[in-house]
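Subject: Structure handover

Hello,

Here is the structure you asked for, with the sequence alongside. My notes on what was found follow below it.

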Amino acid sequence: MLDVEVPIILPSEHYNFCFGFVMSSTVGLVGYADKLSGRPGDVIGFKVSSHLSEDYEARLVRVISADPNPDGPGMIEEDVAADVAGTYPSRPQPFHPGSYVRIEQPLTLAGAPALEAVIWPTLINGVEQVVLAVGDMVLAVMGDGSLGGTLGPHRFSTGVPLKVRHWYRVRFAYDPAAKQIVLTQRATGPGGDVGDEVRRSAGASHDLGGAGAVSIAARVTNGRASGFFNGKIEAPTVFCGDAIAARWDFSQDIPSTNVRDVGPADLHGELVNLPARGMIGALWDDSEQCWRHKPEHYAAIHFHEDDIYDFGWETDFSYRIPEDLPSGVYAVRIRAGEHEDALPFFVCPPKGERRADLCVLVSTFTYVVYGNHARPDFSPAWKEEFARWGAYPHNPAEHREYGLSTYNYHSDGSGICHASHRRPLFNLRPGYVTFGYGPGSRHRHFQADSHLWATAAPEGFR
């Protein structure tokens, strides 16, 4: 018998990938469980994406050994009778990388509107990166790295690239009466403005119309975000003439996903895909190392085009843990033709009830923070031996689009600080092999830990 603590979920290499669009699974058949553990009576939902034309079959197994090394115990699993077993229709499920602020309430621009923010760009990637959007008016970093903006069909740019990892106060103003736009960028930092100002003006005429959708760090069209910003944003503000229409103070509610508008319109928002909060901002002067003591110095949010927290897939089938199911390690195996996946979960005993003399604490916290760790030394040549072992065939280093671990890097080179199990985790699979070199089975974490629970199981290694 095995007692397992409920897992801890974290609130969350450089690579090139086209983010900002709807992604679909690149593995033919893959899925995940909505919980890593449960107790008798709990319901676990399983979410599957299949690009196959045929249905897939599901069955429940108890995982005794997750080590595929033929010189060791090999893979040991036991079939478990369960009503979750059956055939299910294949369907692809998309996912949507990229972090931004979603604001449900629209805003009407009046008078001579202006969009303003303090930014610290970290990646120039050849595409437009939105800083702040209100309807047809968008403040952005253009593909060449210069400050720019769009006003309906019109596009403007200062033509002067911003330096990455430098602070700038940027502004995009439009005067309908004068039929003129003005773009302004000025280097800034602790103590106030510290750089020369770049200012460009141009003639423009556009009817802003009525209320427009509002978003920060991306533009939202028909419910989908694109044009994700890479870098920090602080104090985004919308002016209508000389009056503030909206201003979002990122120093408020730092532990949450709430974004507070301190302006008159109460255009409060919510973070999507969990960008990094409490980041040092333009006012930071090294006088305080804790955001709780001086939150105004940590009033920036670092957004990324490849942030991902929850894939948000729909549930294909669910499993209610029976009262008499022994605690232990289980997985739902799904299969269609040559395609197969295993979706693991842990079963704990009922709260307050002792069912065994031995308690094993499974390190689910570690599994999550290392989830989809793409090793920088990975080589496709490893897979030849893995195939001979009958090991799990997929590796995070080849499927970075599924989101990486806290031991990897975002596309802008910054470290990943948030991870989640609400997505397929390739290295949390029976049969996954961590290393392609060295003696032994070359495992870490889930697969290596299976040696312990296989020994602890009543039947042990067979």
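The sulfur of C348 lies 8.9 Å from the closest cysteine sulfur, which belongs to C359, and that is too far for a bond. A disulfide is a covalent bond between the sulfur atoms of two cysteines. The cut-off used for such a pair is 2.5 Å, and by this rule the model has zero disulfides. C348 is also buried, with a relative accessible area of 1%. Please keep in mind that this is a predicted model.

Overall picture

The protein chain has 462 residues, of which 53% count as buried. Its secondary structure comes to three helices and 29 strands. Taken along the principal axes, the C-alpha atoms fill a box of roughly 80 × 50 × 45 Å.

Helix α3

Helix α3 covers residues 445–456, twelve residues in total. At 1.5 Å a residue the helix should span 16 Å, and its end C-alpha atoms are 17 Å apart, which agrees. Which residues of α3 are buried? They are H445, F446, Q447, S450, W453 and A454. These residues sit on the same side of α3, because they cover an arc of only 155 degrees around the axis. An α-helix has 3.6 residues a turn, so residues three or four places apart point the same way. On the other side of α3, L452 and T455 are exposed.

Strand β21 (residues 231–240) is mostly covered, with nine of its ten residues buried. The strand has these antiparallel pairings:

- β10 is joined to β21 by eight bridges, and E116 stands opposite T237 in β21.
- β26 (residues 300–303) is joined to β21 by four bridges, with H302 in β26 as the bridge partner of K232.
- β22 (residues 243–249) is joined to β21 by four bridges, with A246 in β22 as the bridge partner of V238.

β21 and β22 also form a hairpin with two residues between them. In that turn, G241 has a positive phi of about 70 degrees.

Residue L109

L109 is in the loop between β9 (100–107) and β10 (113–121). Leaving aside neighbours within four places in sequence, L109 is in contact with V134, M137, L208, V238 and C240.

A three-stranded sheet

Three strands form an open sheet in the order β2-β4-β27, with antiparallel pairing. β2 (29–33) and β27 (317–320) stand at the edges with a single partner strand each, so one side of each is left without a neighbour in the sheet. From one strand to the next, the twist averages 25 degrees. Five bridges pair β2 with β4 (residues 43–50), and L29 stands opposite S50 in β4.

Regards

Notes: Residues are numbered from 1 along each chain as its sequence is written. This is a predicted model: local features need pLDDT of at least 70, side-chain atom pairs count only at pLDDT 80 or more; totals for chains, interfaces and linings use all residues. Side-chain values use heavy atoms; hydrogens and water are left out. Buried means under 20% relative accessible area, exposed over 50%, partly exposed in between (1.4 Å probe, protein chains only). The expected span of a helix is 1.5 Å times one less than its number of residues. The arc is that of the directions from the helix axis to the C-beta atoms. Contact means heavy atoms within 4.5 Å. Two strands pair if DSSP finds at least two bridges between them. Axes are lines fitted to C-alpha atoms, for helices over the stretch in contact, and angles run from 0 to 180 degrees between N-to-C directions.
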